[in-house]
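Some terms used for protein structures rest on cut-offs. The questions below ask how each term applies here.

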Amino acid sequence: MRDVAIIGAGIGSRWGKYSGSLIEMMAKASLSAIDDAGTDEIDAVFVANMGAGRINNQTALGSALIDYLNLFPAVGASIENGPASGATAARIGYMAIASGVHDVVMITGGEKMRVAPGPVVTDFVATMAHPEAEYIHGITFPSLGAFLARLYFEKYGVTSEDLARVAIKNHQNGLKNPHAHIQQKITMEGILTSREAKLNNPMIADPLHLYDMCPVSDGSASLILCSMDKVQEFERTPIIKFAGTGQGMDTMAVHEREDPTFLKAVKIASDQAFKMAGLTREDIDLAEIHDAFEILELAELESAGFYERGKSHLSIREGETELLGKFPVNTSGGLKARGHPVGATGVAQLCELVWQLRGEAGERQVPNDPKHGYAVNFGGFGNNVVSTILSRITG
Amino acid sequence: MSEHIPFGYKCLNCGKLHYPKHGRCLQCKHREFEKVPVSSEGTLITFTQLKAPPSGIESRSLFLGVIDLGDVRYTGQIEVESIDSLHIGMKLVATWKQVRTIDNRSIYGFVWGPP
């Protein structure tokens, strides 16, 4: 197996609402990554997307992107794995290079979700749930997030204030990210404790409020992966190594899990990634965590092994996961502030790690020369999870 | 067996009960199952009041929960007046009702309520 480097990362335009076509939006991110890498000699393109066939009436996006950008003779395909499509496409790109099939692979994730009314988008995302046991009953992803939050409140003493603290932190980071969909400072008073809070922050799925969950976004992100034995040809330093990748599965119906508060697939994916990278949790300098709901940031940090079970909310109370804290989490703003165009999220998480490890993250750069970054991209409601570790090996 | 009683799928090799259906047993990977009735009464494990229902649900708010029937669990709608009527550990019983529409088709399932 060959080692793999990331030589290009790009998010073409600010996330939120994009007025052009899905392919144009993905092309912007792709060109940004191509320019960053300094090469357009790409062997293969894997496009991560969940729902263009349903909400944008377009399929076969890999072919479409290659055609639009004249990347011929590159070959391509679309990868669909729900909200974990992005990291899954990156993992498949890694495999394609490690195996020796390709030398340079572009991964582009994109989703254009704001074309449909809210209830239709909610229903589209809910189609990932179990069709008979969950979906037909009106189960949506916010309701699954609410089930988890209520169990955490009951079992571990997590509170609405803790979830608000996660949201406030991620909004604070998002203010420093020019690509973030939501660039808005929020306060505990404004979203939870004042009289106006009920209007500002209505209950969506009790006990989850509007600000306990990510927005619906348009957005795209792109990476260029390259075989380590070819990386010297591109003069893109410091070199970022695709050091570890893991993928874990769990039952599709959440109620079939023995302990619904433990995200087994996150543990499996993380253990694999750490084993492959030869690192421990203590080696990780920063993390991008899939906070589609703020409760998930807390639960994933525990299931990934960074905190003891039921203890991660203490870290947010103590400021440990803030930008200048001991262990910065979601420096990009996370899904909460950067946004969550589902196919793009896992790719954007890795873009953020690349920029942080290179020291190119601007105002939100974490101090102390970070060397290793971790990301978790959470598919379904935790039934298909991909974890990735990136490491800076030069510079 | 009536469709209108909660049921599970019992593995004909190891006896494990499943809901929903699987093609192979989650415990022993056996492929044959028998559809068997399970209790119509269960215990609420977790719940929510969803105020942003998906398309296909006509009401503006929906009570949803996970109900433990002993051998299997169900996820479904709960009929109560207010979220204050719900608490973890309360008893709920199943009735068979329309739960939503999909592409203008009426979809039926188990709806849960206090005994």
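Q: Which residue is the bridge partner of Val45(A) in E4(A)?
A: In E4(A), Val45(A) has Met106(A) as its bridge partner. The model is predicted: local features need pLDDT of at least 70, side-chain atom pairs count only at pLDDT 80 or more, and totals for chains, interfaces and linings use all residues. Residues are numbered from 1 along each chain as its sequence is written, chains are lettered from A and ligands numbered from 1 in the order in which they are written, and side-chain values use heavy atoms, with hydrogens and water left out.

Q: What makes strand E2 and strand E4 of chain A a pair?
A: Strands, which are DSSP runs of at least two residues (E), pair if DSSP finds at least two bridges between them. Strand E2 (residues 44–48) and strand E4 (residues 104–112) of chain A are joined by 5 bridges, so they meet the definition. The two run parallel.

Q: Why are E3 and E9 of chain A called edge strands?
A: The open sheet has 9 strands in the order E3-E2-E4-E7-E1-E8-E11-E10-E9 (chain A), with mixed pairing. Strand E3 (75–79) and strand E9 (286–289) each pair on one side only.

Q: Why is the link between Arg150(A) and Asp206(A) called a salt bridge?
A: The term requires a side-chain nitrogen of Lys or Arg within 4 Å of a carboxyl oxygen of Asp or Glu. The closest N and O atoms of Arg150(A) and Asp206(A) are 2.9 Å apart, so the pair qualifies. Arg150(A) lies in helix H6 (residues 141–156), and Asp206(A) in the loop between strand E5 (203–205) and strand E6 (208–209) of chain A, 56 residues apart.

Q: How do you know that Arg100(B) forms a salt bridge with Asp123(A)?
A: Their closest N and O atoms are 3.0 Å apart, so this pair also falls under the definition. The count between chain B and chain A is 1 salt bridge, while a search over all chains finds 27.

Q: What makes residues of chain B and chain A count as in contact?
A: Contact means heavy atoms within 4.5 Å. By that rule, 35 residues of chain B are in contact with 31 residues of chain A.

Q: How much area is buried between chain B and chain A?
A: About 2600 Å² is buried, and carbon and sulfur atoms give 61% of this. Buried area is the accessible area (1.4 Å probe) that two parts lose on being put together, summed over both. In chain B, Pro20(B), Arg73(B) and Thr75(B) lose the most area to chain A, together 21% of what that side buries.

Technical notes. Helices (H or I, at least four residues) and strands (E, at least two) are DSSP runs, numbered from the N terminus.
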